[in-house]
Amino acid sequence: MRAVPALAEALVAGPLVLDGGLSNQLESAGYDLSDSLWSARLLAERPEAITEAHLAYFTAGADVAITSSYQATFEGFARRGIGHRRAAELLALSVDLGREAVARARAEGVARPLWVAASAGPYGAMLADGSEYRGRYGLTVAELAAFHRPRLEVLAAAGPDVLALETVPDTDEATALLRVVRELGVPAWLSYTVSGDRTRAGQPLAAAFALAAEVDEVIAVGVNCCAPEDVDGAVATAARVTGKPVVAYPNSGESWDARTHAWDGRATFAAARVTGWRDAGARLIGGCCRVGPETIASIAATLRATD
């Protein structure tokens, strides 16, 4: 079998399909994720379930699996009585489980190149109070960098194809994450959660995307965990401002209520949207919360039918 090209090189050839929401896939398999660690809890308790969830997306047509480390932090694990060494092992395990899913997909006949992206969620994800949809935590850039650095070091050392710096709500946190990525010298994508043409903290997207324009380690920039309707303008802005490939993986269109810990509204994400995103510069396209394998299969079919 030929060697898998680096993800940045593959993006030059055309769009790739990301997976969908890991948590909703785990919940559909019967796992209770009503916990401050969310899907990261299963790293310690049921790691095989995570592998199965990744495999479901690869089988559906995804080219890239995003690991279960979004809400996995040293601080969050410590609150559950898990020490630093074990927490580091679990962070690394999240990448290993993605690799295991690649191997299983290969054994089941999936021949196309596959990649693993190590998820690093924002500071607010560790708080588990919905503040990743607000940002502005009252921390300095230096304090945010100090929070993210140990986790990113462990994830990078585990050997993913790329770090997924995702659901970033404001430019202070983006600046901190980019600082650490430059120190590590590893590929990453930077993905904001947005509302309209601004970050969740209210900054214009053009200024937010511009932070990554000259960072060589950033191979793609874009948006995730937002309404599908917000993606069109964001993709065009990201491509224009940075000249980089764009990453886009919105939610289903339903809204998360942090007070009731439930989803409201109806799904509005249709696979037909993705050709417009691709034409505007999106090269990593998938789904986030409440987007499952069926929608990912439709995205894959749509993109591959128009290559």
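# A guided look at a predicted protein model

R136 sits in the loop that joins helix 7 (123–127) to helix 8 (141–157). Helices (H or I, at least four residues) and strands (E, at least two) are DSSP runs numbered from the N terminus. You are looking at a predicted model, in which local features need pLDDT of at least 70 and side-chain atom pairs count only at pLDDT 80 or more, while totals for chains, interfaces and linings use all residues. Residues are numbered from 1 along each chain as its sequence is written, and side-chain values use heavy atoms, with hydrogens and water left out.

**The whole protein**

- The protein has 13 helices and 12 strands.
- Its radius of gyration is 17 Å, close to the 19 Å that the globule rule gives for 307 residues, so the protein is as compact as a globular protein of that length. The radius is taken over C-alpha atoms, and the rule is 2.2 Å times the number of residues to the power 0.38.
- Of the 307 residues, 55% are buried. Here buried means under 20% relative accessible area, exposed means over 50%, and partly exposed lies in between (1.4 Å probe, protein chains only).
- The accessible surface comes to about 11,900 Å², and carbon and sulfur atoms account for 50% of it. Such areas come from the Shrake-Rupley method with a 1.4 Å probe, and for residues only the protein chains shown count as cover.
- Among contacts between residues at least 6 apart in sequence, 76% join residues at least 24 apart. A contact means heavy atoms within 4.5 Å.
- The 28 positive and 37 negative charges have mean positions 1 Å apart. Lys and Arg count as positive and Asp and Glu as negative, without His and the chain ends, and each charge is placed at NZ of Lys, CZ of Arg, CG of Asp or CD of Glu.

- Helix 6 (residues 84–107) has 24 residues and reaches 35 Å from its first C-alpha to its last, close to the expected 34 Å. The expected span is 1.5 Å times one less than the number of residues.
- Its buried residues include A87, L91, S94, V95 and A101.
- These buried residues pack against helix 3 (41–45), helix 4 (47–60), helix 5 (74–79), strand 3 (115–120) and helix 8.
- L43 is part of helix 3, and at 1% relative accessibility L43 is buried.
- L43 and S94 are 51 residues apart along the chain, yet their C-alpha atoms are separated by 6.9 Å.
- Beyond residues up to four places away in sequence, L43 touches I50, S68, A72, F77, L90, L93, S94 and L97.

- The buried residues of helix 9 pack against helix 7, helix 8, strand 4 (162–168), strand 5 (188–192), helix 10 (205–210) and strand 8.
- A176 belongs to helix 9 (residues 171–184) and is buried, with 0% relative accessibility.
- A176 and A142 are 34 residues apart in sequence, but 6.7 Å apart in space from C-alpha to C-alpha.
- Setting aside neighbours within four places in sequence, A176 is in contact with V141, L144 and A145.

**Backbone angles to look for**

- Most residues other than glycine have a negative phi.
- R136 has a positive phi, near 55 degrees, and is not a glycine. At 45% relative accessibility, R136 is partly exposed.
- C225, also not a glycine, has a positive phi of about 50 degrees. C225 lies in the loop between strand 8 (218–224) and helix 11 (231–242), and C225 is buried at 2% relative accessible area.
- G109, which follows helix 6, has a positive phi near 100 degrees.

- S131 is in the loop between helix 7 and helix 8; S131 is buried, at 4% relative accessible area.
- Apart from neighbours within four places in sequence, S131 is in contact with G124 and Y137.
- K244 lies in the loop between helix 11 and strand 9 (246–249), and K244 counts as buried at 13% relative accessibility.
- K244 and S255 are 11 residues apart in sequence and 29 Å apart in space, C-alpha to C-alpha.
- With neighbours within four places in sequence left aside, K244 is in contact with A212, A213, V215, V218 and A239.
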